[in-house]
Amino acid sequence: MAEKKLNRRFSVAPMLDWTDRHCRTFHRKMTRHSVLYTEMITTGAIIHGKGDYLHFNEHEQPVALQLGGSDPVALAECAKRADERGYQEINLNVGCPSDRVQNGRFGACLMAEPKLVADCISAMKTQTEMPVTVKTRIGIDEQDSYAFLCDLIEANIEIGCHDFIIHARKAWLQGLSPKENREIPPLDYERVYQLKKDYANCHISINGGIKTLEDSLVHLQHLDGVMIGREAYTNPYMLSQVDQLIYNNSSQPIPTRHQVVRSMFDYIESEMTKGATFWQVVRHMLGIFQGMPGARAYRRHLSENGHKKDTQIELLEQAISMVPED
């Protein structure tokens with residue numbers, strides 16, 4: 001099959017409990033070109049769950065689906081369903097260190113089984129023409145040599161996968177929480193740079209500890225893509241400059257923070273008519289005024305009142321009035 005092309009020069013990481021469709025809609029108001037990822041969704045949820053775990057809105061595109069699993073047959077079925085729904089990339093999670101995913105034999109523990117990862121990727125690639133990619137750490141526990149990482153890369157190259165997102169920290173499967181695993185193991189950007197030198201024909205994106213677009217541009221001198229996680233969530237307005245700075249596209253003016261918030265009004269009201277609560281959408285918008293006068297009052301007003309059952313869009317209007325216009 002001829003693989004579809006997707007420009008993954010910049011992306012927002014899959015983050016559990018954060019990057020749902022409401023969050024992606026909000027982020028899309030600031031950047032048209034960034035690739036946006038779903039939260040990690042397990043194969044079991046998709047195949048056996050009662051909800052529609054693959055739902056997204058067309059205005060979120062380009063959207064990538066991150067899957068959690070280790071059964072090639074189940075992953076192939078999920079890839080088939082994702083292809084039918086119109087996703088533009090499928091990513092296999094080989095980096096999450098939580099106990100829950102270890103018990104399910106997926107996530108970071110899969111780094112120790114490069115052949116199984118390759119079998120999973122190969123099975124998915126039979127069901128779709130979209131890119132099937134791997135997101136991994138640089139190592140796990142005491143298995144953190146460069147050769148250990150290369151074994152995983154080479155096993156997947158052999159079956160035709162050339163797209164990798166590397167979180168530039170190793171994961172401790174025992175002794176550290178998922179939160180600590182995002183902060184305590186030291187970053188090793190040079191190892192990721194070396195990977196690109198040694199596997200020049202692969203598309204290598206970097207993830208981990210990247211906080212600014214200026215830092216992103218530095219990484220892009222060495223690599224093909226940058227993935228930003230927590231900073232894009234806690235300081236989302238950084239995304240407003242991605243199209244210009246990262247994709248060299250200045251056809252659209254950069255919206256102000258207030259314009260971004262107001263552009264969400266219709267979406268919030270529409271989702272509330274479908275059963276969503278005000279807070280389910282607005283919780284993703286708390287960081288939009290980070291660093292601005294009035295930002296704390298804005299966050300407090302929404303946090304204290306946004307959970308109430310009868311909350312309407314007027315609460316958001318009140319909150320943004322506490323922040324001076326840009």
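This is a predicted model: local features need pLDDT of at least 70, side-chain atom pairs count only at pLDDT 80 or more; totals for chains, interfaces and linings use all residues.
View 1. Ala, Val, Leu, Ile, Met, Phe, Trp, Tyr, Cys and Pro count as nonpolar; Asp, Glu, Lys and Arg count as charged; the others, Gly among them, count as polar. The lining holds 31 residues, of which P14, M15, L16, K135 and R182 lie nearest the pocket centre. The space in the largest pocket is about 760 Å³. At least two lining residues each come from strand 4 (89–94), helix 4 (99–103), strand 8 (225–228) and helix 10 (230–234). Helices (H or I, at least four residues) and strands (E, at least two) are DSSP runs, numbered from the N terminus. A pocket is an open set of points, on a 1 Å grid over the protein atoms alone, where a 1.4 Å probe fits, with protein on both sides within 12 Å along at least five of seven lines; lining residues have an atom within 4 Å of a point. Grid points are joined across faces, edges and corners, and a volume is the space filled by probe spheres set on the points.

Residues are numbered from 1 along each chain as its sequence is written. Local features need pLDDT of at least 70, side-chain atom pairs count only at pLDDT 80 or more, totals for chains, interfaces and linings use all residues, and side-chain values use heavy atoms, with hydrogens and water left out.

**View 2. Strand 2 gives the largest share of the lining of the second largest pocket.** This pocket has a volume of about 300 Å³. Its lining counts 16 residues, and D20, R21, E39, I41 and Y53 are the closest to its centre. Helix 1 (21–28) and strand 2 (35–42) each supply at least two of the lining residues. The share of strand 2 is four residues. By class, the lining has six nonpolar, five polar and five charged residues.

**View 3. A cis peptide bond joins Q61 and P62.** Omega is about 0°. P62 is found in the loop between helix 2 (43–48) and strand 3 (63–68). Most peptide bonds are trans.

**View 4. D17 and D141 have positive phi values.** Most residues other than glycine have a negative phi. Phi of D17 is near 75°. D17 is in the loop between strand 1 (10–12) and helix 1. It is exposed, with a relative accessible area of 52%. Phi of D141 is about 50°. D141 is in the loop between strand 5 (132–136) and helix 6 (146–157). At 22% relative accessibility, D141 is partly exposed. Buried means under 20% relative accessible area, exposed over 50%, partly exposed in between (1.4 Å probe, protein chains only).

**View 5. Helix 15 (residues 295–305) has a buried side.** Its buried residues are A295, Y298, H301, L302 and N305. They cover an arc of only 140° around the axis, so they lie on the same side of helix 15. The arc is that of the directions from the helix axis to the C-beta atoms. The buried residues of helix 15 pack against helix 12 (257–262), helix 14 (278–282) and helix 16 (314–320). Contact means heavy atoms within 4.5 Å. The face turned away from the buried side carries the exposed residues R296 and E304.
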